[in-house]
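Dear colleague,

I am passing this structure on to you with the notes I made while going through it. Please read them beside the coordinates and tell me where you would look further.

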Amino acid sequence: MNNPNVRPDTMLRITNKELADKFIEEQVAAVRAQVGDKKVLLALSGGVDSSVVAALLIKAIGKQLICVHVNHGLMRKGESEQVIEIFGKSLDANLVYVDATDRFLDLLAGVSDPESKRKIIGKEFIEVFADEARKLEGVEFLAQGTIYPDILESVKQAEGKKAVKSHHNVGGLPDDLKFELVEPVKLLFKDEVRVVGEALGLPHGMVYRQPFPGPGLGVRCLGAITRDRLHALREADAILREEFANNGLAEKVWQYFVVIPDIKSVGVKDDSRYEGWPAIIRAVNTKDAMTATIEEIPYAVLHKICARITSEVEGINRVLYDITPKPTGTIEWE
């Protein structure tokens, strides 16, 4: 019997609209057969994977889909507002917005281990969904934007290897949460998900938006998360994204972001000693997220980004550029 979590060797890579349309047709039929007339709860982060799943499920079951967007306080600048605008208004989805910022940050206070942070965030996501589900009737399914690299990186332990990292959307649900999973893109790589998204008619900017990890800025605010460093990270990341867009790099580079470690160094500001955090820029290209190469950013652009971050963001006094490919480094730092 075939393992439903293993991609068949005979499965063609989805590289064009014809193959994407066939995949969509198959998944629409599969979702309708699985769900029937029941309701489905979707964790809608606004990232590529969950957005494509949302569009696919809207096509398959319409208003039976309930999209829940959780603002865990670890979103990029303006991201929650964008999700509300696109899905709540433009796509007319059933959208529930939950501001759980304090709930997440209180649980994460003082936690520095990356795996512990991921597990806390993943567990709390499930708890938030459970709270929302209890307010609804007829919800028996939980949809997730799981993709194949998530599964590959999370099951290595079963092969006697150390898992690269745990993913909040892989590993099942608590025993007391009676949802059946709906994961229509779990056998696809990231580039295939994008092709499917365009075939579904999603806006180009949404399909090719920056990938964003489930734990959000929680794994980019390295070590124990503090609100002041999280704020600095959010502002620095917004500057990076703005400058990449202004210089034609937004679609040339697959993923680019800032991380801020929990360390300070001595600097100078207004002719005085100024201790601040370093902002570390990472910009990588990849097709399947299993390996990644480094994008060579023009120095003029790097200098502009450095000048803006150090002058506009309180608490940062250095800007560094990470040139490590995957392997040996993972795309994210944590």
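Five strands, in the order S3-S2-S1-S4-S5, form an open sheet with parallel pairing, where helices (H or I, at least four residues) and strands (E, at least two) are DSSP runs numbered from the N terminus, and two strands pair if DSSP finds at least two bridges between them. The edge strands are S3 and S5 (180-182), each of which pairs on one side only. Neighbouring strands of this sheet are turned by 30 degrees against each other on average, with direction ignored; axes are lines fitted to C-alpha atoms, for helices over the stretch in contact, and angles run from 0 to 180 degrees between N-to-C directions.

Before going further, please note that this is a predicted model, in which local features need pLDDT of at least 70 and side-chain atom pairs count only at pLDDT 80 or more, while totals for chains, interfaces and linings use all residues. Residues are numbered from 1 along each chain as its sequence is written, and side-chain values use heavy atoms, with hydrogens and water left out.

Within the sheet, S1 (residues 39-43) is joined to S2 by 4 bridges, the two running parallel, and Leu42 has Cys67 of S2 opposite it. The chain passes from S1 through helix H2 (residues 48-61) to S2 in a right-handed β-α-β crossover; right-handed here means that, with the strands pointing away from the viewer, the path from the first strand over the helix to the second runs clockwise. To S4 (residues 139-143), S1 is likewise joined by 4 bridges in a parallel arrangement, and there Leu42 stands opposite Ala143. Between S2 and S3 (residues 94-99), which run parallel, there are 6 bridges, with Asn94 as the partner of Ile66. S2, helix H3 (residues 79-90) and S3 make up a right-handed β-α-β unit.

Helix H1 (residues 17-35) lies across S1, S4 and S5 and runs at about 165 degrees to S5, whereas H3 lies across S2 and S3 and runs at about 165 degrees to S3. Gln27, in H1, counts as buried at 19% relative accessibility, where buried means under 20% relative accessible area, exposed over 50% and partly exposed in between (1.4 Å probe, protein chains only). Not counting residues up to four places away in sequence, Gln27 touches Leu56 and Pro184, contact being heavy atoms within 4.5 Å.

S2 deserves a separate look. Because 7 of the 7 residues of S2 (residues 65-71) are buried, this strand is largely enclosed by the rest of the structure. In a regular strand the side chains alternate between the two faces of the sheet. In S2, Leu65, Cys67, His69 and Asn71 point one way and Ile66, Val68 and Val70 the other, and all are buried. His69 has a relative accessibility of 0%, and with neighbours within four places in sequence set aside, its contacts include Leu44, Ser45, Met75, Ser80 and Tyr97. His69 and Ser80, 11 residues apart in sequence, are 7.8 Å apart in space, C-alpha to C-alpha.

The largest nonpolar core has 47 residues, and those with the most contacts inside it are Leu41, Val70, Phe244 and Ile309; such a core is a set of buried Ala, Val, Leu, Ile, Met, Phe, Trp, Tyr and Cys residues joined through side-chain atoms within 4.5 Å. Its largest share, 7 residues, comes from helix H9 (residues 227-246). Apart from this core lies another, of 39 residues, among them Val83, Phe141, Ala143 and Val193.

Outside the sequence range of those strands, S6 (residues 255-259) is mostly covered, with 5 of its 5 residues buried. S6 is joined to S8 (residues 272-285) by 5 bridges, the two running antiparallel, and Val258 stands opposite Ile281.

Finally, how many disulfides are there, if a disulfide is a pair of cysteine sulfur atoms within 2.5 Å? The count comes to 0. The sulfur of Cys221 is 20 Å from the closest cysteine sulfur, in Cys306, which is too far for a bond. Cys221 is buried, with a relative accessible area of 0%, and Cys67 is buried with a relative accessible area of 0% as well.

With best regards

Terms used. A disulfide is a pair of cysteine sulfur atoms within 2.5 Å.
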